[in-house]
Amino acid sequence: IAMGLLFLTACSSGTTQGGDAGKNESKGIQSRVIKAGIGLNEDHPQGQGLLKFKEIVEQKSGGKLKVQTYFSATLGDDLKMTEALQGGTQEITIPSTSPLVGMIKEFGIFDFPFLFNTPEETDAILDGPIGKKLLEKLPEHGLIGLGYWENGFRNVTNSKHAIKTAGDFKGLKLRTMQNEVHIDAFKALGANPTPMPFSEVFTALESNTIDGQENPLATIKSNKFYEVQKYLSLTKHVYTPFVFLVSKKFWDQLSPEEQKILQEAAIEAGKYQRQLSREEDQKALEELKKTGININEVSDQEREKMAEIIKPVVEKYAKEFGEDLVNELYSELDKVRQ
Ligand code: TF8
């Protein structure tokens, strides 16, 4: 930290550092290696978005800021990587907001099933005042949030039977994220929810420790869940976002110029990532059809029945997360829907 301060002072007073202080030094950009780890694979939109982020950061910093990428949970699951950011041993991760509710309960508003209908709605809420308000809760937990990326609308796979009606959830042992809204929602539907980190899901499905799981189509494809699942039901029961996190310990060492590069790159790469995610949602469906997994649509009528069953769960958590926040969420959504 002392070194960084000295360096900045030198720059702002216009002193050159030796004879070869280039353009980047004068803008306060140091040589740094930034470790960025994610839970999903390189071929997933999350992985492709991270590569785009790396490209932008390295280009904007003239190669001084180097982003080292780690895919497929090689640095650990979402919670473990988030803790590594807090401890300052990892610089960047892009977890689902859902398992972060133990730290910031209000992130749970995004876990309300059947809340969002379209990508326009999700963009408006995540990039609007509600999304911003939640990012502002991160610094007191040692984290900086640079914006939201897309995980997407989630669908259920399982090895027992197709889910066509609200009643079909009964008795299914479903893996959920470590999130009480998801757990209680699936309980209300009669399923037996089993929370576990994503990195353990494939093996648990393969060994029949659980019957099923739920994730967006891009993930079901990328993680080859079709190899160990018989049914894919297009429930689209909830939309969950990713949040782009930086270690605050690391962030606080950066010059304003360096912070600006990371902030802009996270937004720019995020736009690319969301677009890719939406295209991949369509493409993945076509490719999943070829794998032999049984795919079924779920009627709007049945999805409404599911939403009705889950309603008391949403009402309970609305109170817990703060009715003002939830009412603001609904009124922001109304604005987009007009
Ligand atoms: C889940 C999430 C995950 C992501 C990933 C590990 O089911 O959808 O796929 O959070 O970063 O846990």
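Tutor: We shall go from the whole chain to single residues, keeping in mind that this is a predicted model.

Student: How many helices and strands does the protein have?

Tutor: The protein has 13 helices and nine strands. Its radius of gyration is 21 Å, close to the 20 Å that the globule rule gives for 338 residues, so the protein is as compact as a globular protein of that length. Along its principal axes, the C-alpha trace spans about 75 × 45 × 35 Å.

Student: What share of the residues is buried, and what share of the contacts joins residues 24 or more positions apart?

Tutor: Buried residues make up 54% of the 338 residues. Among contacts with a separation of 6 or more, 75% are between residues 24 or more positions apart.

Student: How should I read a pair of aromatic rings?

Tutor: A pair of aromatic rings is described by two things, the distance of the centres and the angle of the planes. This structure holds ten aromatic pairs. In one of them, the ring centres of Phe116 and Tyr239 are 5.7 Å apart and the planes stand at 75°, so the pair is edge-to-face, given that planes over 60 degrees apart count as such. The pair links distant parts of the chain, since Phe116 is in the loop between strand S3 and helix H5 while Tyr239 is in strand S8, 123 residues apart. Both Phe116 and Tyr239 are buried.

Student: Which residues form an aromatic cluster?

Tutor: Phe53, Trp149 and Phe244 form one aromatic cluster. Phe244 has its place in strand S8, and it counts as buried because its relative accessibility is 0%, where buried means under 20%. Leaving aside neighbours within four places in sequence, Phe244 is in contact with residues including Phe53, Trp149, Ile92, Leu146 and Ala266.

Student: What lies over the face of Tyr272?

Tutor: Lys52 lies over the face of that ring, at 4.7 Å from the ring centre of Tyr272.

Student: Is Asp211 buried or exposed, and where is it found?

Tutor: Asp211 is found in the loop between helix H8 and strand S7. With a relative accessible area of 11%, Asp211 is buried. Leaving aside its neighbours within four places in sequence, Asp211 is in contact with several residues, among them Thr157, Lys160, Lys173, Leu205 and Gln229.

Technical notes
Residues numbered from 1 in each chain as written. Predicted model: local features only at pLDDT ≥ 70, side-chain atom pairs only at ≥ 80, totals over all residues. Heavy atoms only, no water. Helix = DSSP H or I, 4+ residues; strand = E, 2+ residues; numbered from the N terminus. Buried < 20%, exposed > 50% of the residue type's maximum accessible area, 1.4 Å probe, protein only. Contact = heavy atoms within 4.5 Å. Phe/Tyr/Trp six-rings, centres within 6.5 Å; stacked < 30°, edge-to-face > 60°. Lys NZ or Arg CZ within 6 Å of the ring centre and 35° of its normal. Rg over C-alpha atoms; globule rule 2.2 N^0.38 Å.
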